[in-house]
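Open the model in your viewer and keep the selection panel at hand. The stops below go one by one.

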Amino acid sequence: MKRLLVFIKKEFTHVLRDKKTLLILFGMPIVQVLIFGFVLSNEVKNTDLLVIDQAQDRASKEIISKVQASEYFDIASVTFDVQDVEASFKKGKSKAALILPKDFEKNLMTKHVAQVQILADASDPNHATTIENYLTAIIRDYTNSLNASMPYTIIPEVRMLYNPQLKGAPNFVPGVMALILMLVCVMMTAISIVREKEMGTMEVLLVSPFKPIMVIVSKVVPYFILSMLNIVSILLLSVYVLGVPIKGNVLLLFGESALFISTCLSLGIFISIKTQTQQVAMLISLMGMLLPTVLFSGFMFPIENMPFPLRMISNIVPAKWFYIIVKDIMIKGLGFAAVWKESLILMGITVFFLGISIKNFKIRLA
Amino acid sequence: MRTIKFLLYKEFKQIFRNRSIVALILFMPVMQLLILPWAADYAVKNINVALVDQDHSTYTQELISKISGSNYFNIVSTDASYDKAYRSIESDAADLVLLIPPNFKRDLVKNKTQKLFLAVNAINGTKANLGAAYMQEVIKEYNGKLQTEIHSVGRNSTPHRAEVTFSNWYNPHLSYKVFMVPGILAILVTMVGGFLSALNIVKEKEVGTIEQVNVTPIKKHHFILGKMIPFWVLGNVVFTLGLIVSWVIYGIVPVGSLLLLYGFIAVYLLAVLGFGLLVSTYSETQQQAMFVMYFFMMVFILMGGLFTPIESMPEWAQETIKINPLSYLIRVLRMIVLKGSTFSDIVPHLLTIALFAIGLNGWAMLNYKKTN
Amino acid sequence: MEEVVIQADKLTKKFGDFTATDAITFQVRKGEIFGFLGANGAGKTTAMRMLCGLSVPTSGEAKVAGFDIYKETESIKKNIGYMSQKFSLYEDLTVVENIRFFGGIYGLNNEQIKNKTEELIERLGLTSVRKELVVDLPLGWKQKLSFSIAIIHQPKIVFLDEPTGGVDPLTRRQFWELIYEAAHNGITVFVTTHYMDEAEYCDRLSIMVDGKIKALDTPKNLKMQFEAESMDEVFYKLARQATRAE
């Protein structure tokens, strides 16, 4: 036991010595959380809008002033000419144009129906759709005000569950956790073990009276602790900076994190046993682990929209299950009963990879 | 000039000798371009609805058939109670609960107004927002029809309404692939150029060969040019491969001029390679260079406007993004490929990138010391 | 008076508080084989790197091939060859490709490169491996190739930093034959080593202890001066004074 502590201490000194890498390991989750929390959003705000007012009547002016008054849009210019739209779109100066055709008011009042046209730069489909929705709603508000006494109105009352302000954070905090654990546990562990192989120091350790398994154990302990610290820093940021509280049981959350970290470590060990050079280990971790995590955990790319083969692949990505677990516990406030299946899957993956690693390790020694 | 010839000969020999790296350089981007656009589909569709209809009237049946008839919704369950429907949100089986209260039809006719309840799983804010908006749209449309029907009975006045028509330019089918492919291509070109150039010089440092070169009368800028030109060429090759994949697999043909595209890429690659060189001058080992590069790439990609529009970012972030070269490439590629923007449209971006190229390379050149 | 090709005057290099090279003064004459001895960490490599223009001195003056080591490093580089302690040819290039590359960046024309390549390969007996990657060559061959490439442009001076580390005595012998040949052709050789038998091959020797030059003369005179039987003994007597821990 004492010998194990000595080894663990040695590993810690290695990890702590490389300041640049350490800075990135701790800085990365913080920067990611801050970017996701404060920068990325899909909201439409102060979007530059072109207005082509061919009607120039009271109704058209009123609609324009309503659009101007909304926080969603800034009116870039009011013109007559549809030609201007194309030039503006191509320069990327505005994203949409609202066309109020001639006789807008006359049609609205006498024929009860008037045409409005919205041209959108739909290269970004969601952005275009959102803009169209908002504009339509503003126009409808106006026409509804004309029909003030209109009866039989259905009023949909909307409740946004878990995240009433529609913040991005509840969606990505669990995702960033999964991503950073993948980076620290899989990539760093794999590289650090392979480095010892490359340098030949592994042989020295293996011929020592110390049990080989213990060598591996002492390698992973520092990364386990680093990962836990990262989890703590992400959660603190999430609660105190982003205002996303932990609704469920904190202990359960940490327990599940420890489980996922074990899964990642087992993957890291597996890679390190199968590879011979740092570069290969790095590439495999990057392409084989990090990329699938980004792709298939569900926080950056919507799994439900993927074609069937990709959805199938997503099931073998551990991060996907961890993402679901954290979302359930942290955001929805659910208990173990809701996540036992996912936990079992993670446990299965861990046991599987540890199993083959140990088997391979023994074969190599024999 | 003769020196450069020898440098280039050497670099190309070294690159092509390492078959696995060449394969990786060419294979990886193509693979990613084949997979990523399928994954990056942010269209909000297939919204799963848990329905609680406590009225069971003709009105609710009509409304429900309108909902299931729309492209956006799948009705996954019809529950008797809200609690039961709520549990399907907890288990992610449903994204949205629509609750129609008892006596919906009677109260609507009697009270002239009637409420409906929507509960949306809002963990993913964008999806929740759009999902709720679509649902409200369906309800309003049905409401409008109802009003006209009820109204026209007995009275003559019809409500005033504006008929809104949409034209979605450049991407009429609102396809996410059309949007993502040029963006992903931008990222691939940046990654190939950035990582390769950063790792290459550091490798010479690690192995010690740079010392042997530093002691020769070779000019600094010759050496750096010798390093850049091969990766510049490779960057163009990757870009071309990407364009071919976009065309063959996704049917995306640049609307704008190819010449303009390559012109922009040519300048952009200089900037990215300069950044890679800069990182390499500050790193001692390949692992370090790799991690530093990884960090910057992550920030560049997240803040490049690939996933979420730059216009939606807060003011300070938009200012910060002005120093993110990748954001210019993503924007310009989308402009030229999708909208057919012309030289005069992209000229400000081109000038900025040219400044980046000069600045980054100048900095790298100053920081690359033959003597220490 | 023979022509002086290296003139160092109180040359000093400090790394923080640590003075690696402490005000060394010496001259090297054209065509001689000048040995630079010292224990590990005595400051040999630092001194050599300054003379090659790879490192800027903290203070002191020096001229190499008539050029100032502060202002005219690029002119110095045209006139010197350098072979570092660490093997530093491109291992993923072949023998011929390495020769061609370095010949090219030293400004040899195609005709010269072609002739040099053939001459070198024949002299070093590398004909059978000319198209092999350098990584696959035995260490001794690599070092001989490395030396030949360092003098491919007929420099005035060649700097060799522990060129024979880790090779067998026979190969070392062959290596020194190459050095003699170079010296015979008028190339001044500046060589660091800690093999005492190699020291005996030098025309003149300087011995560095703790960053300072403690002795400088021909091997014969040094032995006389220190009343020693062999260079080993001379070195031992001097090195004992060292206070600097390795």
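Which strand of chain B do nine bridges join to strand E4 (residues 113-121) of chain A, and do the two run parallel or antiparallel? The partner is E5(B), and the strands run parallel. Strands count as paired if DSSP finds at least two bridges between them. Helices (H or I, at least four residues) and strands (E, at least two) are DSSP runs, numbered from the N terminus. For one bridge, select A:Ala114 and B:Ala162, its partner in E5(B).

Before moving on, note that this is a predicted model: local features need pLDDT of at least 70, side-chain atom pairs count only at pLDDT 80 or more, and totals for chains, interfaces and linings use all residues. Residues are numbered from 1 along each chain as its sequence is written, while chains are lettered from A and ligands numbered from 1 in the order in which they are written.

**Stop: chain B against chain A**

Select the contact between these chains: 78 residues from chain B and 84 residues from chain A. Contact here puts the C-beta atoms of two residues, placed from the backbone, within 7 Å. On the chain B side, elements giving two or more residues include helix H2 (19-39), helix H6 (125-152), strand E5 (161-169) and helix H7 (176-207). H6(B) gives the largest share, 13 residues. Colour this side by type: 43 residues are nonpolar, 24 polar and 11 charged. Nonpolar covers Ala, Val, Leu, Ile, Met, Phe, Trp, Tyr, Cys and Pro; charged covers Asp, Glu, Lys and Arg; the others, Gly among them, are polar.

**Stop: chain B against chain C**

Here 18 residues of chain B touch 22 residues of chain C. Helix H1 (2-17) and helix H8 (209-214) of chain B each supply at least two residues. H1(B) has the largest share, six residues. The chain B side divides into four nonpolar, 10 polar and four charged residues.

**Stop: the domains**

In chain B, select domain 1 (2-40 + 177-367), then domain 2 (47-152). Their C-alpha centres are 49 Å apart. Chain A has domain 1 (2-39 + 168-365) and domain 2 (47-146), with C-alpha centres 50 Å apart. Bounds come from an automatic or database domain assignment.

**Stop: H3 of chain A**

Select A:Ala59, A:Ser60, A:Ile63 and A:Val67, the buried residues of H3(A). Buried means 20 or more other C-beta atoms within 10 Å of the residue's own, exposed 12 or fewer, and partly exposed in between, with C-beta atoms placed from the backbone. Seen down the axis of H3(A), the buried residues fall within an arc of 100°, so they line one face. The arc is that of the directions from the helix axis to the C-beta atoms. On the other side, A:Arg58, A:Ser65 and A:Ala69 are exposed.
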